[in-house]
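Please read the following briefing alongside the coordinates.

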Amino acid sequence: MIFLKRINSKSKKVFFLYAFVITVLVLAVIFARYVYNSVESYFLVTRVYNVVEYSLLAYFFSLHIHNRFVRTLLLYSPFPFIIFCVFDFVSAKEPTLAFYPLIVEYFVLLMFIIYFFFEIMQESVVEPIYQKVIFWISVAFIINFSGNFFLFLYSKTSYNDETFRRQFTIINSSVTILKNLLLCIAVTLRENKNDNQILNDLSGNSELDTYLPFKNPN
């Protein structure tokens, strides 16, 4: 309810949509695995989860990147990602988790989030970045992506090992809990309205299309 009262920008609406859709898909994953008891349905829903998560996060972070080329690249990146996911699913010899799509998702989004922070470092901000919702959301996903990247990288060949699966569960659960805690911090923050207005005005300014983060101001 706290967050619903503060949905006053496009990016917050997109993030709320992300949280809602992901919650529905998580419930669908649990239902397919433990209620419907269908392994095939479970793997299929997890792959849909993968595609939807990447698409919504790519759109969300594209709203916060100023560079026109990078923003467009991120905005349209879900299309080749979906093609890759479909190919990985069709070419799989048996139903399995989408390890390769997850690796690609985490690596690509991690690079764009790092670039977002690089842009922030080039700008003069009205208030500290840690007082903004986007900061805590970005940090949460950086921890999630970096914490699980190598885990999924080794999972393709080691997931059938019982010891590795126990370690996988511990690491993945810990990172996920930490990510969700940071997201809870994000949705409870109260941002400066004046600062939000300035950023909204800038986001609608066509001069941002020529934004050059490598160029130092005179």
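The points below are grouped by topic, after a short note on conventions.

This is a predicted model, in which local features need pLDDT of at least 70 and side-chain atom pairs count only at pLDDT 80 or more, while totals for chains, interfaces and linings use all residues. Residues are numbered from 1 along each chain as its sequence is written, and side-chain values use heavy atoms, with hydrogens and water left out.

- Leaving aside neighbours within four places in sequence, Phe-141 is in contact (heavy atoms within 4.5 Å) with Phe-15, Tyr-18, Leu-57, Phe-61, Ile-113, Lys-179 and Leu-183.

**Helix packing**

- The axes of α1 and α2 come within 9 Å and cross at roughly 175 degrees, axes being lines fitted to C-alpha atoms, for helices over the stretch in contact, with angles from 0 to 180 degrees between N-to-C directions.
- That angle makes α1 roughly antiparallel to α2, a label used for angles over 145 degrees.
- By class, the contact of α1 with α2 has 20 nonpolar, three polar and three charged residues; Ala, Val, Leu, Ile, Met, Phe, Trp, Tyr, Cys and Pro count as nonpolar, Asp, Glu, Lys and Arg as charged, and the others, Gly among them, as polar.
- For α3 and α4, the axes are 5 Å apart and the angle is about 30 degrees.
- Leu-74, Leu-75 and Tyr-76 of α3 meet Pro-78, Phe-79 and Pro-80 of α4 in this contact, which by class has six nonpolar, no polar and no charged residues.

**Arg-47 and the cysteines**

- Arg-47 lies in helix α2 and counts as buried because its relative accessibility is 8%, buried meaning under 20% relative accessible area, exposed over 50% and partly exposed in between (1.4 Å probe, protein chains only).
- Leaving aside neighbours within four places in sequence, Arg-47 is in contact with Cys-85, Asp-88, Phe-89, Thr-96, Leu-97, Ala-98 and Pro-101.
- Cys-85 is itself buried, with a relative accessible area of 7%, whereas Cys-184, at 46% relative accessibility, counts as partly exposed.
- The structure holds zero disulfides, a disulfide being a pair of cysteine sulfur atoms within 2.5 Å.

Note on methods:
Helices (H or I, at least four residues) and strands (E, at least two) are DSSP runs, numbered from the N terminus. Angles under 35 degrees count as roughly parallel, over 145 as roughly antiparallel, 65 to 115 as roughly perpendicular and the rest as oblique.
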